[in-house]
Amino acid sequence: MERGLLWLPLLAVFIGLAWAGWHEFQKVQAYEAWATEFDRSKYDIRSMLGQRGDELTWGRPTRQGPIDLTTLSLHQVTTLQLEINGATVPVDQASPTGKSVELALATASGETYRIPFTDGDLARRWEKALHQSLQALKSASA
């Protein structure tokens, strides 16, 4: 009897882990359905991001699909910076790490949008790709 009671908390932990895994699996399934309409996309536990042409769309992942969706045209973006813990990261820093990794997009109207990331390397790759997209838009309009 006593041994059974000792195993009961461990059983509760396993049930909790199974539920959390199923919950995350459903989020990934919703992301995969959402991401089919984009040229490039990313998923992590903090946000979903997709790029189609010069349009960026991002939001928070849920089991039913993304919520709090924001769409922004790259034509509106004036500056693009990678920020870690609120401080701008130099372009030459190889693998940025920190608690809060965000891609900050500033527009001509003065608004700043922040896209959260959990992986600094992934954020750096998105920053480089978006810089290239911005350069292509500038050269095409010139």
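## Starting from Gln51

Gln51 is buried, at a relative accessible area of 4%; buried here means under 20%, exposed over 50%, and partly exposed in between, with a 1.4 Å probe and protein chains only. Before going further, keep in mind that this is a predicted model, in which local features need pLDDT of at least 70 and side-chain atom pairs count only at pLDDT 80 or more, while totals for chains, interfaces and linings use all residues. Residues are numbered from 1 along each chain as its sequence is written, and side-chain values use heavy atoms, with hydrogens and water left out.

Gln51 belongs to strand β2, residues 48-52. Strands (E, at least two residues) and helices (H or I, at least four) are DSSP runs, numbered from the N terminus. The rest of β2 is mostly covered too, with four of its five residues buried. Setting aside neighbours within four places in sequence, Gln51 is in contact with Phe38, Asp39, Arg40, Leu56, Leu74, Trp126, Leu130 and Ser133, where contact means heavy atoms within 4.5 Å. A polar atom of the Gln51 side chain also lies 3.2 Å from the backbone oxygen of Gly53. That falls under the polar contact rule: a pair of N or O atoms within 3.5 Å, where within protein one must be able to donate a hydrogen and the other to accept it, and residues adjacent in sequence count only if both atoms are side-chain atoms.

Follow β2 to each side. Towards β1, the antiparallel pairing goes over four bridges, and the two strands make a hairpin with four residues between them. Lys42 stands opposite Leu49 of β2 on that side. Towards β3 (residues 55-60), five bridges hold the antiparallel pair. Leu49 faces Trp58 there, and Gln51 faces Leu56. β2 and β3 also form a hairpin, this one with two residues between them, and Gly53 in its turn has a positive phi of about 65°.

The loop between β1 and β2 is worth a stop, since Asp44 has its place there and is buried, with a relative accessible area of 6%. The Asp44 side chain makes a polar contact of 2.8 Å with the side chain of Lys42 and reaches the backbone nitrogen of Ser47 at 3.0 Å. Beyond four places in sequence, Asp44 is in contact with Pro61, Pro116, Phe117 and Thr118.

Arg40 does something of the kind, with its charged end over the ring of Trp126 at 3.9 Å from the centre. The rule for a charge over a ring is NZ of Lys or CZ of Arg within 6 Å of the ring centre and within 35 degrees of the ring normal.

On to the aromatics. The structure holds five aromatic pairs. One of them joins Tyr31 and Trp34, tilted, at 6.4 Å centre to centre with 45° between the planes. Rings of Phe, Tyr and Trp (its six-membered ring) pair if their centres lie within 6.5 Å, and planes under 30 degrees apart count as stacked, over 60 as edge-to-face, and the rest as tilted. Because Tyr31 and Trp34 are three residues apart in helix α1, about one helical turn separates them. Tyr31 is buried at 12% relative accessible area, and Trp34 is buried at 11%. Together with Phe38 and Tyr43, they form one aromatic cluster.

Finally, look for a second open sheet, with four antiparallel strands in the order β6-β5-β7-β8. Its edges are β6 (87-88) and β8 (112-117), each with a single partner strand, so one side of each has no neighbour in the sheet. β6 pairs antiparallel with β5 (residues 77-84) over two bridges, and Ala87 in β6 is the bridge partner of Ile84.

Notes
Pairing = 2+ DSSP bridges.
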